[in-house]
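Subject: Handover of a structure and findings

Dear colleague,

Please find below the structure that I am handing over to you. My findings follow directly after it.

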Amino acid sequence: MKNRPSSRLFWGVGLALSTSAFIAVAVQNIFPYLAGSLTTSDHHAVWVLTFMVMNWAVGSTLMPWVSARIGIRGAFNGSVLALIVSSAVCASTSNIWVMLLFRGVQGLGAGILVPLSQTIFIRYSAPDRRSLMMSLWTNAMLIPFYIGPFIGGWLATVVSWRYIFVLSIPLFVLSMWLSGKKIPDSARLTKPFDGIGFLMLYGFVVSVQFIIDQGDESGWFRSGHIDMATGLSFVFLIAFIVRQKRTEHPLLNLSFLKIRSFGLGLLLLCLGWSIFTGWTADIPLWVEKYTGYNGFYGGLLSIPIGVTAIPVTMFMSKASRWVPVNYLAVFAFLVFSAVYASIFLVPQESLQEVIFYMALLGIGIGLLFVPMNMLVLSEIPPQNLHEASTLANFVRTLSSSMGVGILGGLSYNATGTAYAALRDHTSFLAAVRQTPMDILGYQHKALSVAATMGINNVIRISAWICLVAAIIALFSLQSVSRMAARK
C-alpha cells in the first residue's frame, strides 16, 4: 500500500470507538440517579443500559450494507453524527421513553461503528503491523469498560449523570475532525437490504433481552411470559437462519461459521467474554449490596481491570508474532480458570481484597482478547473482512448481555437454595428468641451469607468451564498455522 493513511486516521476512529463504548457502560452503576431524573423505577432505569446494548448488537449487522451504499467514509461520519445527535437528546430529556428511543439510536450508531472501526484498523495498516493494530483497536474498545463506570459514578455523584452525554459530544466532533476526511473513500454498491431478515433478527434479540431483563422479577421459567419469550426467540432465530441461507443478499453471512478458526474461535471468544462481562457486572453489584459500599465504589472496581489488562494486551500483540494464537488461547483460558478458582468472596469483605480479584480478571481478559480476535479473522480474505467482522461483533455483543443475565440468574437461584436452608435455622431461632430485632438481624445476615455462597458456587462453575474451553482449544485448533498469528 503506497499511500498508507496517516496515524491521524486511527486516532480519530479509535476516539469515536472509545467514546461510543463509554456512553454505553458509564450508566452501569448509576441506575438510582437515572430513575430519579427520569421519574421511573430502578428496575426500569436498567433499560437505559440494556436497550443500548440490544440495539448495539443489531446495529452491527447494518455495517456491510451501510458501508456498501454510502462508502466506508460515509458510514463512519454517519454513525458518529447519529451518536452526536442522540447524545444531545439523552443529555436533555427527562422522559424515560424518549431516553430509550435515543439510546436505541446510540446503539445502532455504535453497532455500525465497532465492526467498521475494526475493518479500518486492519484494512489500512501494513501486514506486519496488524497484530499491533489489533491490540490498539482492542484497547480503544475495552478501556472505556474499565474506566467508564467509575467516571459515570463520579459524574452522577458530583455533578450530574447528564454530563456523561454532554462531554461525549465534543469527543465525537473531534473524532470526525481527525478522521472524517482521512478515511479512504470506497466504491458504492446498490446492495439490497434484507429487511425481513433484519426484523427476524430484531425479534430474536428483543425476546432474548426480555428474558434477561425480566427473568429474576418473573421467576424465570416458572413464568408463562418467560416461556413465551423463549419460544418466540427460538422461532425468530430458526426463521432468521433459514432466511439467511436462502436469500441472495443475507444480512449476516453465516457461511464464515464453517471456517474452523472463525467458528470455533468465535465460540471460545464469546464464552470467555460473556463470563468475564458477567462477573465484572455481578461482583460490583454484590459489593454494593452486601459490603456497604455505594455505586461510586462499585464503579471504582472496574479500574484495576484496566490497570492489568492494558499492559497485558500490549504484550500479547508482541507475543502473537512468535507463538501460535491457538496456544495463546489455551494459555488465556487456563489463566481464567485459575483466576475464577482463586476468587472467594466473604460477607463484609474489604474493598482491597475485591480490587485484587478484579485485577486478576484484567489479566485474564488481556490474555484472551487479542489472540482470540486474531484467530477469528486469521483465515478471512481481505475483501470479506467487513462481513466477518460484522458477524463476529454481533455475536460477541449479544453474548456479553447474555452472560450478565445467565450468571446473574444462576447466582440468584443458588442464593435461593442456600437461603432456604439457612431460613430453616432462622425459624428455629424464632421459637427460642423473643426479640423481633434479633430475628430480623439474623435474617439479613442469612441473606448476605446465602448470596455470597451462591455467587462463589457459580464462580467455581466458571472455573471448570474455562478449563474445559482450554482443553477444547488445545485439541481443536491445531490446524491454525503459525502464520495466522502474523496477519
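Helices here are DSSP runs of H or I with at least four residues, strands are runs of E with at least two, and both are numbered from the N terminus. On that basis, the protein chain contains 18 helices and 0 strands. Please bear in mind that this is a predicted model.

**The chain overall**

The protein chain has 487 residues, of which 55% are buried. The chain exposes about 20600 Å², and 68% of that area is supplied by carbon and sulfur atoms.

**The nonpolar core**

The largest nonpolar core comprises 139 residues, and Ile164, Phe262, Tyr340 and Ile365 have the most contacts inside it. The element that gives the most to this core is helix 16 (residues 351-377), which provides 16 residues.

Which residues does Ile164 touch, not counting those up to four places away in sequence? They are Phe22, Ile23, Ala26, Val27, Ile30, Gly152 and Leu155.

**Aromatic residues**

There are 12 aromatic pairs in the model. One of them joins Phe356 and Tyr357: the ring centres are 6.2 Å apart and the planes meet at 55°, so the pair is tilted. The angle decides this, because planes under 30 degrees apart would count as stacked and those over 60 as edge-to-face. Tyr357 has a relative accessible area of 12% and is therefore buried, the limit for that class being under 20%.

One aromatic cluster is formed by Phe145, Trp273, Phe276, Phe336 and Tyr340. Tyr340 is also among the residues with the most contacts inside the largest nonpolar core. Trp273, for its part, is touched by Ser399, as are Cys270 and Ser274, when residues up to four places away in sequence are not counted. Ser399 is located in helix 17 (residues 385-432), and its relative accessibility of 10% makes Ser399 buried.

A further ring deserves mention. Arg8 lies over the face of Trp177, at 4.4 Å from the ring centre.

Ser67 belongs to helix 5 (residues 63-92). Is Ser67 buried or exposed? Ser67 counts as buried, because its relative accessibility is 7%. The side chain of Ser67 reaches the backbone oxygen of Met63 at 2.8 Å.

Asn95 is in the loop between helix 5 and helix 6 (96-123). With a relative accessible area of 36%, Asn95 is partly exposed. Polar atoms of the Asn95 side chain approach two backbone nitrogens: that of Trp97 at 2.8 Å and that of Val98 at 3.2 Å.

Asn95 and Thr39 are 56 residues apart in sequence, and their C-alpha atoms are 7.6 Å apart in space. Thr39 sits in the loop between helix 2 (31-38) and helix 3 (42-45). Its relative accessible area of 71% places Thr39 among exposed residues, since that class begins over 50%. Most residues other than glycine have a negative phi.

**Two further positions**

Thr190 is found in the loop between helix 9 (168-179) and helix 10 (195-218). Thr190 is exposed, with a relative accessible area of 73%. Where the chain is concerned, Thr190 and Trp65 are 125 residues apart, yet their C-alpha atoms are separated by 8.9 Å.

Val287 lies in helix 12 (residues 260-290). Val287 counts as buried, because its relative accessibility is 1%. The C-alpha atoms of Val287 and Tyr297 are separated by 8.7 Å, and the two residues are 10 apart along the chain.

With kind regards

Conventions. Residues are numbered from 1 along each chain as its sequence is written. This is a predicted model: local features need pLDDT of at least 70, side-chain atom pairs count only at pLDDT 80 or more; totals for chains, interfaces and linings use all residues. Side-chain values use heavy atoms; hydrogens and water are left out. Buried means under 20% relative accessible area, exposed over 50%, partly exposed in between (1.4 Å probe, protein chains only). A nonpolar core is a set of buried Ala, Val, Leu, Ile, Met, Phe, Trp, Tyr and Cys residues joined through side-chain atoms within 4.5 Å. Contact means heavy atoms within 4.5 Å. Accessible areas come from the Shrake-Rupley method with a 1.4 Å probe; for residues, only the protein chains shown count as cover. Rings of Phe, Tyr and Trp (its six-membered ring) pair if their centres lie within 6.5 Å; planes under 30 degrees apart count as stacked, over 60 as edge-to-face and the rest as tilted. A charge sits over a ring if NZ of Lys or CZ of Arg is within 6 Å of the ring centre and within 35 degrees of the ring normal. A polar contact is a pair of N or O atoms within 3.5 Å; within protein, one must be able to donate a hydrogen and the other to accept it, and residues adjacent in sequence count only if both atoms are side-chain atoms.
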